[in-house]
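Please look through the sequence and the model below before reading on.

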Amino acid sequence: MSLLYLLPVLLQVLALVHFVKYRSASYIWLFIIIFLGPIGALVYIIVEIVPELRATHTSVGWLAKKKRLKYLEAVVEENPSAGNYEELADLYLEQKNYPRARECFDRAISSRTDHADPFYGRALCSLHQGDYPAAIADLEKAISFDRKHDYGRALGLLAMCYARAAQRETAEKLFREALATSTLSETQYNFACLLAELGRKDEARDWAKRILNKQATLSGPLRRLEHGWVKKSKDLLKELEAPARAGAAV
């Protein structure tokens, strides 16, 4: 079978796979893809997939960032200023080179540092490296400058760190403060996990369901970004409901 005959089928398969993975609430697209065939699939790809691909690639491309990285590495040799090291750290953090990013944040931070960003960036590196005590120290410093730094995510991550450190009372207090003004799925999911650990399953279900319920109102790029938290929330709900089903079976 030639590629010319396979292409329409492949378009529909691609559209359906993407729809199932990211848009379970947008049922009108399902009808368009199925009943309009390859034309409907093509429309779906143009309207939904192409903008997402553009949204995930900034105007500064990968090659440009790599070039900038090399440039900054040379600059800090001549001018090891805090600002240059912070920018270099941000680039390494974006590339998920957490050890190198953390080293650069160390060089960017001094006793005169008067803003949250480098402390927050270093905390993210520590989290990815599993160093929760270091993350707690830097997140505490970050929120001392701005209690709602990064739209409340800093406070939510601090709460998660305290939960991992078995300081659950402090963690719950911080989670509730963060969630009073934030709707970040990450924070909601981590709070649900804490509640589940505390045996408060009804509350845990409620927070996990909040993540699922808001998916219907999200646009394409946001739905894609939320996909990981949706999956985790569904898995958590299954875990919470499993004992109840097992008990009912007995």
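A helix is here a DSSP run of at least four residues marked H or I, and helices are numbered from the N terminus. The structure under discussion is a predicted model.

From the surface, attention may turn to helix α9. This helix covers residues 153-164, a run of 12 residues. From its first C-alpha to its last it reaches 16 Å, close to the 16 Å expected at 1.5 Å a residue. How many of the residues of α9 are buried? The number is 10 of the 12, so the helix is largely enclosed by the rest of the structure. The term buried stands for a relative accessible area under 20%. The buried residues are A154, L155, G156, L157, L158, A159, M160, C161, Y162 and A163. Their cover includes helices α7 (117-128), α8 (132-145), α10 (168-179) and α11 (185-197). After α9 comes A166, whose phi is positive, near 65°.

The cysteines may be considered next. A search of the whole structure finds zero disulfides. C104, for its part, has the sulfur of C125 as its nearest cysteine sulfur, at 9.1 Å. C104 is buried, and its relative accessible area is 0%.

The last topic is charge. Side chains of opposite charge can pair when their charged atoms come close. The count of salt bridges in this model comes to 17. One of them joins the side chains of R68 and E87, with 2.8 Å from N to O. R68 is in helix α4 (residues 62-78) and E87 is in helix α5 (residues 82-94), so this pair links distant parts of the chain, 19 residues apart. Both side chains belong to partly exposed residues: R68 has a relative accessibility of 34%, and E87 has one of 31%.

A further salt bridge is formed by E197 and R168, at 3.7 Å from N to O. E197 lies in helix α11 and R168 in helix α10, so the pair ties together parts that are 29 residues apart in sequence. Here E197 is exposed, with a relative accessible area of 52%, whereas R168 counts as partly exposed at 34%.

The side chains of D206 and R210 also meet in a salt bridge, at 3.1 Å from N to O. Where do these two residues lie in relation to one another? They are four residues apart in helix α12 (residues 201-213), and about one helical turn therefore separates them. An α-helix has 3.6 residues a turn, so residues three or four places apart point the same way. D206 is partly exposed, with a relative accessible area of 36%, and R210 is partly exposed at 38%. Finally, salt bridges that share partners join E172, R176, R200 and E203 into one network.

Conventions: Residues numbered from 1 in each chain as written. Predicted model: local features only at pLDDT ≥ 70, side-chain atom pairs only at ≥ 80, totals over all residues. Heavy atoms only, no water. Disulfide = S-S within 2.5 Å. Buried < 20%, exposed > 50% of the residue type's maximum accessible area, 1.4 Å probe, protein only. Expected span 1.5 Å × (residues − 1). Contact = heavy atoms within 4.5 Å. Salt bridge = Lys/Arg side-chain N within 4 Å of Asp/Glu carboxyl O.
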